[in-house]
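Hello,

Here is the structure I promised to pass on to you. Please open it alongside this note, and then read on for what was found.

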Amino acid sequence: MLVVLITIVTLCLYVILLWMNQMKYRKQLAQFPGPKPLPLLGNLLLFKSIADIVPVSIRVWKGIQQSFIIYLGPQPRLVVCDPKTAEFVLSSTTIIDKSYEYNFFHDWLGTGLLTSTVLGQKWKSQRKLLTPTFHFQILEKYMKIFNRQSNTFIDILKLKMSNGPFDVFPCVALCTLDIICEAAMGVQIDAQKNSTSSYVLSVKEMCRIITERAFSPTKMINFMYKFTWTYQQQRKVLSILHGFTNSVIRSRKSTFTGRRSNERNDEGLAKRVAFLDLLLEYDLSDETIREEVDTFMFEGHDTTAAGISFTLYCLSKHPDVQGKVVEELRRIFYGDNNRAPTYQDVQEMKYLEMVIKESLRLYPPVPSFSRVLTQDVPFDGSLLPKGLVLTLYPLLLHRDPTSFPDSEKFDPDRFLLENSATRSPYAYVPFSAGPRNCIGQRFAMVELKFTISKVLRNFEILPVVGHEPELSVEAILKSYNGLPIQLKTRTL
């Protein structure tokens with residue numbers, strides 16, 4: 001009986017402390033607008049399900065038209081959707097610690113480059129170590145992988161096109177998974193031909209679990225989460241994901257014959273293709289290698305799939321833009337529809353790059369990312385308190401009408417030099433910016449241009465009339481009602 005009483009008293013005290021902490025934050029952040037929070041629950045009731053994340057955020061932003069405060073439970077976060085505040089956060093060399101929801105990735109990705117903080121300098125040392133692995137000489141080596149897997153993708157699309165309109169995202173996601181598996185680990189899993197493999201399904205399930213935890217009051221708390229069915233499901237999924245990566249690492253390590261680190265040079269690195277092989281050049285533990293490979297797998301799979309899929313969808317809706325891209329491809333390939341693109345070809349796809357950038361503006365694959373303040377920070381005449389979460393929201397930031405007039409319109413010409421020269425570099429951040437920008441953004445852009453150009457050289461992309469995407473967040477930006485397109489055979 002005494003134990004029960006002590007437990008109840010402890011819980012009551014904990015709740016009181018949470019409430020007092022929330023009230024303190026409300027006083028400190030009174031200068032920022034936002035929906036009125038309830039005690040303890042904050043604004044959680046606005047989000048009845050994951051499907052509400054995007055529409056509620058857009059609705060709140062449209063009513064305020066500036067950065068605002070929202071409470072997920074008792075914890076406040078400043079939703080950043082203007083260039084000035086974005087620059088303050090992203091250009092800082094001290095505001096670089098990720099917020100609490102990134103902890104939900106730890107069981108899968110450990111403390112790799114995405115999730116690590118500056119504590120112990122691990123992030124800085126790993127960032128410095130991994131940057132050379134995205135040198136252009138190494139990116140050129142991935143072209144054969146892009147070509148092999150995109151050829152399979154084209155074959156899949158030829159089979160799909162005969163059945164009328166179809167959602168392009170699932171097909172693209174399997175293609176990018178094949179690409180990233182071969183690029184990251186040097187193995188071919190043939191996801192496009194075997195979409196029901198346990199590894200393919202486990203990647204998808206783990207992304208769903210992480211998003212669900214970020215908006216569940218009970219699953220946010222580790223102690224309570226471990227008593228849920230979702231936690232048991234996560235354990236099964238992780239055993240598959242980690243088991244696969246560990247087995248590949250052991251196999252590659254046993255046959256690895258590269259130079260040791262004191263014999264390594266840029267030429268030696270450039271001869272390697274798989275990201276894993278590049279990591280094996282360094283004296284890293286198996287756990288560290290697995291963390292970085294898994295991180296590369298996560299960041300380079302669904303995000304790239306979203307970027308390709310939304311761009312194909314936008315091209316279907318704008319035939320005039322599609323026609324300009326095709327003309328550019330005709331000039332590059334001289335009508336040779338079978339020639340595999342080279343790295344130089346991809347660099348010459350200037351207009352296609354503008355099209356991709358405009359698609360990433362309207363539909364950024366990572367619609368939000370967050371930092372947390374580890375100390376009080378002065379900003380714009382006020383003091384932002386320690387513990388405040390700062391959520392950068394590119395989905396809203398990219399629609400700021402002061403930076404992008406007529407912001408809902410799809411217009412690749414926004415990225416002509418003369419139209420973007422005076423725009424704040426922090427008004428457009430699909431790959432983040434500053435010290436923690438995406439290390440693989442060059443890899444991603446090459447993959448996007450390669451794959452999309454391959455599709456356009458083989459097909460005319462036709463729209464599904466009347467369809468508008470219903471945006472949702474599942475670790476990345478998706479459309480609940482799909483991204484349907486129709487295809488017609490094209491000859492360049």
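Which residue forms a salt bridge with Glu182, and how far apart are the closest N and O atoms? The partner is Arg148, and the closest N and O atoms are 2.3 Å apart. A salt bridge here is a side-chain nitrogen of Lys or Arg within 4 Å of a carboxyl oxygen of Asp or Glu.

Before going further, please note that this is a predicted model, where local features need pLDDT of at least 70 and side-chain atom pairs count only at pLDDT 80 or more, while totals for chains, interfaces and linings use all residues. Residues are numbered from 1 along each chain as its sequence is written, and side-chain values use heavy atoms, without hydrogens and water.

**Salt bridges**

The count comes to twelve salt bridges. In the pair above, Glu182 sits in helix 8 (residues 168–185) and Arg148 in helix 7 (residues 143–161), so the bridge ties together parts that are 34 residues apart in sequence. Helices are DSSP runs (H or I, at least four residues), numbered from the N terminus. Glu182 is buried, at 8% relative accessible area, whereas Arg148 is partly exposed, at 36%. Buried means under 20% relative accessible area, exposed over 50%, and partly exposed in between (1.4 Å probe, protein chains only).

Arg252 also forms a salt bridge, with Asp277, at 2.6 Å between the closest N and O atoms. Arg252 belongs to helix 11 (residues 229–255) and Asp277 to helix 13 (residues 275–280), so this pair ties together parts 25 residues apart in sequence. Arg252 is partly exposed at 22%, and Asp277 is buried at 10%.

Arg339 pairs with Asp345, again with 2.6 Å between the closest N and O atoms. Asp345 is buried, at 7%, while Arg339 is partly exposed, at 27%. Finally, Glu353, Lys357 and Lys449 are linked in a network of salt bridges.

**A cavity**

There are two cavities of 30 Å³ or more. A cavity is a set of points on a 1 Å grid over the protein atoms alone where a 1.4 Å probe fits but cannot get out; lining residues have an atom within 4 Å of a point.

Enjoy exploring!

Note on methods:
On a 1 Å grid over the protein atoms alone, a cavity is a set of points where a 1.4 Å probe fits but cannot get out, and a pocket is an open set with protein on both sides within 12 Å along at least five of seven lines; lining residues have an atom within 4 Å of a point. Grid points are joined across faces, edges and corners, and a volume is the space filled by probe spheres set on the points. Helices (H or I, at least four residues) and strands (E, at least two) are DSSP runs, numbered from the N terminus.
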